[in-house]
Amino acid sequence: MPDAFIYDAVRTPRGRGKEDGSLHEVSTLQLAAGSLRALKERNRLDTKLIDDVILGCVDTVGESGSDIARAAALAAGLGDQVPGVQINRFCASGLDAVNFASAQVMSGQHEMTIGGGVESMSRVGMGSEGGAWPVDPSIAIPAYFMPQGVSADLIATKYGFSRDDVDAYAVESQKRAAQAWKEGRFSKTVVPVRDVNGVTILDHDEHMRPDANMQSLASLKPSFTMMGEQGGFDAVAIQRYPEVEAINHVHHAGNSSGIVDGAAAVLIGSAEAGKKSGLKPRAKIRAFCNIGSEPAIMLTGPVDVTKKLLAKAGMSIGDIDLFEVNEAFASVVLRFLQAFDVDPAKVNPCGGAIAMGHPLGATGAMLVSTALDELERTGKQTALVTLCIGAGMGTATIIERV
Amino acid sequence: MNLTNFKFEKDSDGVVTLTWDMPGKPMNVLDAQLMDELDAIVDHVSKDETIKGVVLTSGKDAFCAGADLTMMEGAGKQFADAVKARGEEAAMKEFMDQAGRGSKVFRRIETCGKPWAAAVNGVALGGGFEITLACHYRVLADNAKTQVGLPEVKVGLFPGAGGTQRIPRLMATPDALQFLFKGDPWKPAKAKQMNLVHEVAPEGEIVAKAKAWIKGGGKAVAPWDEKNFKTPSGKIFSPMGMMIWPPANAIYRKETFDNYPAVKAILKCVYEGLQLPVDQALQVETRYFAQIMRSKEAAAMIRSLFLSMGELNKGARRPKGEPKTALKKIGVIGAGFMGAGIAYVTALAGADVVLIDRDQAAADKGKAHSDALISARVAKGRAKEADKTALLSRIKASADYNDLSGCDLVVEAVFEDRGVKAETTKKAQAVLGPDVVFASNTSTLPITSLASEAIKPENFIGIHFFSPVDKMLLVEIIMGEKTGDKALATALDFVRLIKKTPIVVNDTRGFYANRCVGRYIAEGHLMLMEGVPPAMIENVARMAGMPVGPLSLNDEVAIDLSWRVVQATKKDLGEQAVDPAQEELIRTMVVDQERFGRKNGKGFYDYPQGGKKKLWPGLTALVGKQLDPDTIDVAELKQRFLAVQAVEAARTIAEGVVTDPREADVGSILGFGFAPFTGGTISYIDFMGTKAFVELCDRLTAKYGDRFVPPPLLRDMAKTGQTFYGKFGGKAKAA
């Protein structure tokens, strides 16, 4: 089986996902095309070698619908011969896109592929795609559907994370992100978004609140209390986990992932393809896998999938130097830390989505680049990237430097 | 046309008045023959060019209370027989045709090309309301008896003749779902306000108004058959739909614990149906209806909550030949919480009450309870000021036993002490003599021994009320060894007067209901001692179908009372009658911790002033261990809660305490809220199958102890797969 190597990775800065966000004026197409174009240009790619472009995108309606990957590939000037496919595994779409792109190479069917993702949350609202899972009684009821925030609060309640615990985690995420930006740890990867004239629209993650502290977070009201109590979702949570007397609503805007706009792309290829293009591989895709986890609590998939992946790869938790665990909500990462008892310093050392934001379909690919940059910076070898996923799933990937 | 159930009268303008009046029946009901006639009428009306339109009205006091449920109860069994005879596929098709018959006929009315208007006087419920929804215009009589509604969910069914489709095409989805979920009928004004009907008119004018609408050019097209029809809440996949549906699914689970498939089917019908043209939507509704009609929940709920309850209310257990007693004046002795409640419900029913206590102040305090209850009703607009005055004037509070003179029945609710009760009986009989029936509202003392204090024990009976009396629908009538037919007939007539449901049980410790409830609470105690997290005990009990968790319930009835019962049980029945783990728990709670329950603000829960009750955090430490919740089998906890009560109910039948499975079932649902979707304690066993139930009991006995050991009777029945209703049912139907 051929190995799949990472030759390069780029991402946009993350714009605040609101009408006043810097990237609100940039269409989903341009966000995605910008990352693809950056990969092409900075690697001087012969795009005839690219066999496929796989992009994660979660809400695919309107401008992001109808296979945004093909549209972006064309708009990026990759040429008519480069196809594209859009995939959706909710929050892990970007990582799955990297995995699928790697799988094409590992299977020997493709030589060079791009995996990435895009989400303009300011332009295409979260949940605007609809779908059976939250709505159709035939699945919503048996799957104990509840909004992710309520599931995150359920994790905190069941596993004993207090409001202080989640707030402290959030403060640390902000601190680490600020430090990482200050030291330029993302500079290899972040490609500013520019207008038609080449003028920079955004060159940094603008969601960050480096001055956040326990006091400022304490003033925020929990976001999911009303939904839980009046929407009936607390009752759903309790019926699935009856050991819980009442849901402790601890999450709010300050300790949950930020709503942002952004895109990312990772260039994957075989050893052969790299040679042909004159590129040096930065890392190898060591292993990846997916799992379905209990859908009500929903966001514990990183624990399950990490166990599965380590077993599959014949590794133990101690073999991993660095973890990127998506900060969908603080309790998700706290549960990961609790389950594996790993050194918190090894997990999300550059901060995460609480500070910098979580552009749904793109985040997975962004985390691959963050892990890779950090391995190179610290001279470490192996990283594991994982995300929790709607409806109870997990995706994880192990990369190692070559 | 040869019509039996309708009068068909065409006026000079060509408008037909179709008067629904089924011969020999007190009420119009929907049955197969009626559908045939409606089919013929629709054929005729659509073909006859001289007919301009049809006004459908009723010749009876009510419009129609729905389908014949007796027919529906047997649907599941009928289907099973058909499968045996003709195979699965053929049987299902045939069954679907039957299930969809009403829906198809109603749809023919709606699309026959001539306008139909319904003039509704009296209740129009279930299918009786659905037929009017298929009419193009609805006029309701503006009177107190007229109500419209779709109460099918209350007996495990759902409106399967277009109700789930037409309602959400008339009202916003959240309102429609609430209306369908709850099944409560609406008065004319509310129905009009919510767009379910077009007009409300004085009773005498409804037919004229309906005719006027037709003559005025009323259109023979339902709104949803118009080209540009939009449902009131718009498309499901829209921002509005996203606000409505995820919470609707969650609230379904919150309210039903997912135990009621009919309610879930309503959600599915509305969700799927609103995305379809109405004909296909009705077809989807029929598919789900056929499924729900065959469900055991529907069969169980129809039997217990409709048929059996109706039979018991109508006096199924009343001795034949006993003349009806005239109950005009009732004596209630003891004006405490129970006695005051009994006085209230009696006066509410229109009888005079003499409420006696040891002094006037105590008696007055008892009467004040009635004042408070009726005043609350007045405040809510459910009664008028005049009703209150009349009710209070019927209650005479007194400390003088001589005021009992002229009473037709006496109910005592004095302190639970043999001596006090004996004294009461004696004093009352001194005034009334031996022939007036004397009833005791005891919940703990054997009736036979109390009866021995009466001059004529045959006129002594137990009438056991549940607390709070004004809310609880069940009354247990307890037969002492010598209690005679007259006493039983009088007690049953009294219960009927106050509009409660009676079950008749023989004298035994705890009678029926409290024996089962005691088992339920004890199971909660024992789970706690095993280390099951307290919240899990409470939540799983409710998920099993019980209205209140066992620890909450114990807090309500008071833990110190449980402590006294434990002591008394040991004294009367010996040490082995009480589980030592349970005794230790209660002792610690009551003696060491002084946690008595809600009454002193601390029990298994803490009751912060003005705040929500919360499980006492000290419980885990008190028990000393807690199991990992992820290792606990929740399904088994649910089984334990229901099985421990059901096996106790089986014992009461084996012992001859309860003699009729209908009473065990109805009594369990009304008396202590036993999972209504099961049909009650005995139906729970019967629908599971006695063999499977005995196997379950054996498994639970091996793991948890002898309280699950089934009585020999049940073991014998299991050998041949006999059911309780098979063995003990088939008694005299309603007298």
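Biologist: Why does Ser58(B) count as buried?

Modeller: The relative accessibility of Ser58(B) is 12%, and buried means under 20% relative accessible area (1.4 Å probe, protein chains only), so Ser58(B) counts as buried. This is a predicted model, in which local features need pLDDT of at least 70, side-chain atom pairs count only at pLDDT 80 or more, and totals for chains, interfaces and linings use all residues. Side-chain values use heavy atoms, with hydrogens and water left out.

Biologist: What makes the pairing of the Ser58(B) and Asn28(B) side chains a polar contact?

Modeller: A polar contact is a pair of N or O atoms within 3.5 Å, where, within protein, one must be able to donate a hydrogen and the other to accept it, and residues adjacent in sequence count only if both atoms are side-chain atoms; the side chains of Ser58(B) and Asn28(B) are joined by such a contact at 3.2 Å.

Biologist: Why is H27(B) called roughly perpendicular to H29(B)?

Modeller: Helix H27 (residues 634-654) of chain B and helix H29 (residues 681-688) of chain B pack at an angle of about 105°, their axes being 8 Å apart. Angles of 65 to 115 degrees count as roughly perpendicular, and H27(B) is therefore roughly perpendicular to H29(B).

Biologist: Which classes of residue make up the contact of H27(B) with H29(B)?

Modeller: That contact has nine nonpolar, three polar and no charged residues.

How values were computed
Residues are numbered from 1 along each chain as its sequence is written. Chains are lettered from A and ligands numbered from 1 in the order in which they are written. Axes are lines fitted to C-alpha atoms, for helices over the stretch in contact, and angles run from 0 to 180 degrees between N-to-C directions. Helices (H or I, at least four residues) and strands (E, at least two) are DSSP runs, numbered from the N terminus. Angles under 35 degrees count as roughly parallel, over 145 as roughly antiparallel, 65 to 115 as roughly perpendicular and the rest as oblique. Ala, Val, Leu, Ile, Met, Phe, Trp, Tyr, Cys and Pro count as nonpolar, Asp, Glu, Lys and Arg as charged, and the others, Gly among them, as polar. Buried means under 20% relative accessible area, exposed over 50%, partly exposed in between (1.4 Å probe, protein chains only).
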